Each structure stands twice: as structure tokens, then as C-alpha cells.
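Please keep the sequence and the structure in view while reading.

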Amino acid sequence: MSGTTRIVLSSDHAAISMRGAIAAHIAAQGFEVTDIGPTTPESTPYPQHGEAAARHVADGHSDLGIIICGTGQGIMMAANKVKGIRCGACSDTFSARMIRQHNDANMIALGARVVAEGLALDIVDAFLKARFEGGRHATRVDMIKAIEG
């Protein structure tokens with residue numbers, strides 16, 4: 001999945017540098033990147049950035065989202081409050097691949113204080129290269145969607 005695939009990126013202040021590295025990395029692969037910030041290192045609350053990126057995906061402005069905070073957990077929780085979002089926090093490539101293949105995840109969260117930049121790029125690559133397998137997994141994703149109401 002590259003070329004015209006649109007990806008939104010956001011983070012809190014703890015992950016500005018990593019977000020920039022990921023943006024450059026995926027842009028070089030031909031993805032269309034929208035970076036919605038922040039751009040300055042002042043403390044900023046991760047929930048607003050997780051929600052903003054999730055709404056970007058849920059509203060159809062982007063196909064996928066990558067969000068980053070210190071651990072990846074808080075920003076993921078905020079994103080998952082937006083209807084239609086399936087986001088997992090990953091610190092390994094196996095989980096990143098599986099959330100796409102089995103859960104049809106449309107967002108991934110990373111922890112800038114948990115994984116080094118090189119591993120973060122590998123995790124992003126695993127997420128972006130994976131494809132939803134459908135089949136029995138589609139039934140389970142439908143069950144997740146039903147919880148949203």
C-alpha cells in the first residue's frame with residue numbers, strides 16, 4: 001500500500017523528532033503524508049492529538065494514521081474513542097502486522113520513550129505492508145464495530 005495512500009501523523013511534545021523521522025521515511029516510499037503537529041516542544045496533551053488524527057481518518061481525509069506519545073498508550077486510548085477507529089499501540093513488528101491482518105486496524109500508536117527510532121521505522125513498515133485477511137477475522141472486526149453502536 002503506497003502511492004496514493006494518505007497517512008496522517010500526530011504526536012505530543014515527547015515525539016516530535018520521531019514523528020519527523022517517520023514522516024520522511026514513509027514519504028520517501030511514496031505515501032501521501034499529512035503531519036498535523038505539534039511543531040514546538042512545549043508540553044501539549046496527547047488526547048487532543050490522538051483525537052485529531054483519529055477524526056482525520058474517521059472522516060476520510062486520510063486512509064491510515066500513525067500517532068506517537070511517550071508510551072503510545074494514552075494517545076491510542078484517545079484515538080480509539082472516535083467511532084470507526086481501530087488503533088493498537090505496538091512496540092514490535094509482529095503486533096504491528098497482526099493488528100492490520102487480523103483487526104483491520106486503521107491506526108497505529110508508538111511510544112517514543114519505548115522504542116528507538118530504527119525499530120519504530122520497522123514497526124511502521126510492518127504495519128503499512130500488512131493487509132487485512134478478512135474471512136473469520138471480518139466477523140470479529142464486525143463484532144468490534146457493533147460495540148460502537
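**Backbone features and a helix pair**

Asp104 counts as partly exposed because its relative accessibility is 23%, a value between the limits of 20% for buried and 50% for exposed. The model is predicted.

- Most residues other than glycine have a negative phi, and most peptide bonds are trans.
- Asp104 has a positive phi, near 50°, although it is a residue other than glycine.
- The loop that holds Asp104 runs between α4 (93-101) and β5 (107-111).
- The peptide bond that leads from Gly37 to Pro38 is cis, and its omega is near 10°.
- Pro38 is placed in the loop between β2 (32-35) and α2 (46-58).

**Helices α1 and α5**

- Helix α1 covers residues 16-28 and helix α5 covers residues 117-129; their axes come within 10 Å and cross at roughly 45°.
- The crossing in which α1 passes α5 is right-handed.
- On the α1 side, the residues that meet α5 are Ser17, Met18, Ala21, Ile22, His25 and Ile26.
- On the α5 side, Glu117, Ala120, Leu121, Val124, Asp125 and Leu128 meet α1.
- Sorted by class, this contact of α1 with α5 has 8 nonpolar, 2 polar and 2 charged residues.

Terms used. Residues numbered from 1 in each chain as written. Predicted model: local features only at pLDDT ≥ 70, side-chain atom pairs only at ≥ 80, totals over all residues. Heavy atoms only, no water. Axes fitted to C-alpha atoms, helices over the stretch in contact; angles between N-to-C directions. Helix = DSSP H or I, 4+ residues; strand = E, 2+ residues; numbered from the N terminus. Left-handed = near helix turned anticlockwise from the far one by under 90°. Contact = heavy atoms within 4.5 Å. Nonpolar A, V, L, I, M, F, W, Y, C, P; charged D, E, K, R; others polar. Buried < 20%, exposed > 50% of the residue type's maximum accessible area, 1.4 Å probe, protein only.
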